[in-house]
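Dear colleague,

I am passing on the structure that follows, and below it I have set out what was found. Please read the notes with the structure open beside them.

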Amino acid sequence: LESFYLAIGILFLLGIQAAIYSPAKFGLIQTIFSKENLNKGNSLVQSIGMIGILATMAVYSIGFESLID
């Protein structure tokens with residue numbers, strides 16, 4: 001049960017980090033990509049973010065399962 005509270009605490013800290021850095025990330029898209037390529041830039045950033053989230057979930061789920069067994 002102690003690991004559960006640790007996991008919830010870390011999740012809370014990650015939520016705070018996402019709330020702080022997400023607006024900066026989307027503001028930077030306009031600086032990097034021109035107005036003509038703004039859609040492509042936004043979709044690229046969203047795709048990379050989603051792939052990163054899914055990959056992290058897979059890796060840490062496998063790691064967590066190995067700790068339990």
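**Overall shape and burial**

Of the 69 residues in the chain, 3% are buried, where buried means under 20% relative accessible area, exposed means over 50% and partly exposed lies in between (1.4 Å probe, protein chains only). Please keep in mind that this is a predicted model, in which local features need pLDDT of at least 70 and side-chain atom pairs count only at pLDDT 80 or more, while totals for chains, interfaces and linings use all residues. Residues are numbered from 1 along each chain as its sequence is written, and side-chain values use heavy atoms, with hydrogens and water left out.

The chain holds two helices and zero strands, these being DSSP runs numbered from the N terminus (helices H or I, at least four residues; strands E, at least two). Its radius of gyration is 16 Å, well over the 11 Å that the globule rule gives for 69 residues, so the chain is more spread out than a compact globule; the radius is taken over C-alpha atoms, and the rule is 2.2 Å times the number of residues to the power 0.38. Along the principal axes, the C-alpha atoms fill a box of roughly 50 × 20 × 10 Å.

**The helix pair**

Helix α1 (residues 2-32) packs with helix α2 (residues 38-68) at an angle of about 145 degrees, their axes being 9 Å apart; axes are lines fitted to C-alpha atoms, for helices over the stretch in contact, and angles run from 0 to 180 degrees between N-to-C directions. The contact (heavy atoms within 4.5 Å) involves K25, F26, I29 and Q30 of α1 together with L38, G41, N42, V45 and Q46 of α2.

L44, which lies in helix α2, is partly exposed, with a relative accessible area of 43%. Between L44 and I29 there are 15 residues in sequence and 9.8 Å in space, C-alpha to C-alpha.

**Two further side chains**

F4 is partly exposed, at a relative accessible area of 46%, whereas Y5 is exposed, at 57%.
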